[in-house]
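Dear colleague,

Please find below the structure that I am handing over to you. I would be grateful if you would read the notes that follow it alongside the sequence.

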Amino acid sequence: QTVSVSATASHPIPTTLWGQMFEDISSGDGGLYAELLQNRAFQQVTPNTAAALNAWSAINGGQISVVADSVPVSNSLPNSLRFNVPTGSTGQVGFANSGFFGMKVVASSTYKGSFFVKFPTASSFRGNLIVGLRTTSGSTIVSQSVPIRGSTTSWQQINVSLTPRTTPPSTDNQFFVTIDGAAASGQTINFAMFSLFPPTFKNRANGMRDDVATALAEMQPKFFRFPGGNNLGQTVPTRWQWNATIGSFLDRPGRAGDWGYINTDGLGLLEYLLFCEDLGMEPIMAVWAGFALGGTSVAQTGLEPYIQQAIDQINFVIGDPATSAPAARRAALGRAQPFKLTYVEIGNEDFFASDTYTYRWPAFVDALRSAFPNLKFIATSNINSPVLSPNPAQWDHHVYQTPTWFAQNSFFYDDMPRNGVTFFEGEYAAISTNPNDIFGSPANGRLTFSTMQSASGEAAYMIGMERNSDIVFAASYAPLLGHVAGSQWTPNLIAFDTGNVYRSASYFVQKLFSTNMGNEYIPSTLPSRTGTVFWGVTRNTATGEIIIKVSNTVATQANLTFVLPFANVATSGSLQVLTGAATASNSPTTPSALAPATTTITTGKTFTFAAAGFSVNVITIKAS
Ligand SMILES: O=S(=O)(O)O[C@H]1C[C@H](O)[C@@H](O)[C@@H]1CO
């Protein structure tokens with residue numbers, strides 16, 4: 001197959017083309033968000049139930065229960081941990097938190113812990129709490145003694161700074177609080193709002209898990225879609241609300257997330273925005289738009305409060321502190337300057353409620369557009385079905401399919417009309433090899449981790465989106481992150497467990513595209529729509545490099561001859577290639593089965609290139 005490359009670019013590559021979609025789907029708490037304690041503030045749990053004590057356990061006979069405190073630590077956090085030392089206790093008595101499937105502890109790292117404590121009834125007790133980290137088998141890794149006294153009947157915050165000298169043998173570790181049982185026999189002490197942070201990405205307070213955030217940063221993503229996805233809200237009362245996710249932990253009630261567990265909302269709107277800046281990403285921020293995934297749509301006459309809340313959410317991001325109260329909240333939290341924001345998504349997958357989106361879309365967009373004329377609003381129902389008014393200028397298209405579907409739909413956007421409407425491929429991934437049961441179980445074709453076959457199919461589709469990036473302004477694989485031990489969805493771009501991060505085949509494809517974008521598209525001989533090998537050419541005008549991406553979605557090698565029209569073409573170029581067997585994947589048992597390799601290849605005005613079976617290739621050549 002001969003590929004003739006044009007001399008002139010057809011269009012600029014949008015700077016936002018490749019990015020990340022995030023929502024808390026076993027990916028926020030216990031994942032990207034660095035807090036080590038699970039159920040740290042007993043948010044949204046029913047007092048005096050076993051479930052309320054999730055992740056907490058007694059040590060040496062300590063008696064613990066979650067109570068609705070008569071004087072809670074804050075209005076948003078009504079529950080406390082009541083700790084009673086049974087009379088006749090001996091030895092260290094207390095309780096522990098098991099984190100999220102344990103917690104990684106590393107020597108010489110400093111773990112910053114805090115909690116609130118009070119005696120519900122005054123007593124003459126004076127003694128010390130021992131606060132620290134221990135292995136699940138009970139051996140202390142590091143601890144600190146903290147004096148307390150029974151006269152403390154109002155909430156007192158305790159801070160500890162724990163620096164282990166040794167690294168424990170596994171991630172099977174706990175945070176603990178104990179007291180001398182004999183000395184404290186009979187005492188009752190209340191605790192609230194625990195927190196324990198390891199060193200975080202860029203050392204940000206209330207920040208991100210370093211190894212996970214580092215893997216995300218390596219992709220050089222250009223946008224970050226948040227906070228959902230389904231996690232925008234299963235019911236109206238439990239929807240994501242920006243104002244419940246900012247400021248002191250004492251003011252964050254948490255909520256029942258859409259994926260079956262409670263979100264602490266410690267990872268909140270300001271943390272998302274700061275993370276966007278840390279990675280050089282532009283936010284694509286969703287507002288809840290009156291549809292709860294459980295099936296409820298707010299009536300047209302009842303939308304105003306939710307529209308106002310969306311306006312306030314946007315004002316927190318870009319408003320003027322002098323004229324907007326939400327913007328003043330942002331300034332009071334240390335950020336007077338507005339953040340960069342261009343795109344706001346109106347809901348998520350509103351094709352589940354198209355009938356009400358026909359009034360919810362205009363109600364939100366008309367109000368938001370008049371408040372923020374420079375923003376662009378993304379519709380989330382099926383493209384032009386139903387027809388919406390005002391006509392959306394941006395649509396969010398999602399597709400989960402088989403590897404073959406992606407290879408066969410590389411031309412998905414080629415036939416879209418060029419009428420000013422642009423597209424966000426907000427979620428896409430090859431998730432099953434079974435076209436008859438895409439969302440089924442692994443026994444029925446569902447992928448647990450992406451494979452070389454799924455990643456090369458995705459690459460074919462991405463080559464199509466790159467070719468059509470005059471109308472595709474952004475695209476993101478979904479879901480981005482998933483905990484291997486407790487995930488609600490597979491495959492995820494990045495899998496992780498308590499101590500490790502696993503970069504998938506698809507991760508490396510996303511990274512290859514995002515770190516080799518170029519800034520203008522160069523047309524070339526089109527691949528066959530029904531073929532199995534796909535290619536695309538971009539140029540980086542700053543470096544004078546031509547970037548050729550090739551995806552071979554089948555086992556047989558593909559031989560291509562490239563003909564470049566440029567006067568000067570380097571006789572050697574670099575090749576980054578990800579290749580392996582169709583079913584090869586990176587997983588906790590085979591973490592490095594697949595990794596990109598960089599080599600030098602012979603290039604020139606005309607050169608041949610052999611694309612290995614099941615391979616994704618990026619060729620970079622100096623040309624002018
Ligand atoms: O069940 S689905 O609708 O397929 O869920 C998908 C679509 C939704 O936006 C996202 O939250 C989720 C997984 O990425």
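The model is predicted, so local features were required to have pLDDT of at least 70 and side-chain atom pairs pLDDT 80 or more, whereas totals for chains, interfaces and linings use all residues. Residues are numbered from 1 along each chain as its sequence is written, and side-chain values use heavy atoms, with hydrogens and water left out.

**Ligand site**

The ligand is surrounded by 13 residues, and the closest are Glu 23, Asn 230, Glu 349, Tyr 400 and Glu 427.

A polar side-chain atom of Glu 23 lies 2.4 Å from a ligand oxygen. For Asn 230 a backbone N or O atom is involved, at 2.7 Å from an oxygen atom of the ligand. An N or O atom in the side chain of Glu 427 is likewise 2.7 Å from a ligand oxygen. On its own the ligand has 360 Å² of accessible area, of which the protein covers 87%; such areas come from the Shrake-Rupley method with a 1.4 Å probe, and for residues only the protein chains shown count as cover. A polar contact is a pair of N or O atoms within 3.5 Å; within protein, one must be able to donate a hydrogen and the other to accept it, and residues adjacent in sequence count only if both atoms are side-chain atoms.

**Aromatic rings**

The structure holds 43 aromatic pairs. Rings of Phe, Tyr and Trp (its six-membered ring) pair if their centres lie within 6.5 Å; planes under 30 degrees apart count as stacked, over 60 as edge-to-face and the rest as tilted. The ring centres of Phe 119 and Phe 125 are 6.2 Å apart and their planes are at 35 degrees, so this pair is tilted. Phe 119 and Phe 125 are both buried, where buried means under 20% relative accessible area, exposed over 50% and partly exposed in between (1.4 Å probe, protein chains only).

Phe 224 and Tyr 272 form a further tilted pair, with 6.3 Å from centre to centre and 45 degrees between the planes. This pair links distant parts of the chain, 48 residues apart: Phe 224 is in strand E14 (residues 223-226) and Tyr 272 in helix H2 (residues 269-279). Helices (H or I, at least four residues) and strands (E, at least two) are DSSP runs, numbered from the N terminus. Phe 224 is buried at 0% relative accessibility, and Tyr 272 is buried at 4%.

Ring pairs also link Phe 42, Trp 56, Phe 83, Phe 95, Phe 115, Phe 175, Phe 191 and Phe 194 into a cluster.

Two arginines sit over rings. The charged end of Arg 239 is over the ring of Trp 288, 5.4 Å from its centre, and Arg 335 lies over the face of Phe 339, at 3.9 Å from the ring centre. The criterion is that NZ of Lys or CZ of Arg is within 6 Å of the ring centre and within 35 degrees of the ring normal.

**Backbone**

Most residues other than glycine have a negative phi, and most peptide bonds are trans. The peptide bond from Phe 226 to Pro 227 is cis, with omega near -5 degrees, and Pro 227 is in the loop between E14 and strand E15 (255-256). Gly 228 and Gly 229 are also joined by a cis peptide bond, with omega about 5 degrees; Gly 229 lies in the loop between E14 and E15.

Ser 26, which is not a glycine, has a positive phi of about 50 degrees. Ser 26 lies in the loop between strand E3 (20-21) and strand E4 (56-59) and is buried at 8% relative accessibility. Gln 44 has a positive phi near 60 degrees and is found in the loop between E3 and E4; at 47% relative accessibility, Gln 44 is partly exposed.

**Single residues**

Asn 552 is placed in strand E28 (residues 545-552) and is buried at 0% relative accessibility. The side chain of Asn 552 reaches the backbone oxygen of Thr 556 at 2.8 Å.

Yours sincerely

Key:
A residue is near a molecule or strand if one of its heavy atoms lies within 4 Å of it.
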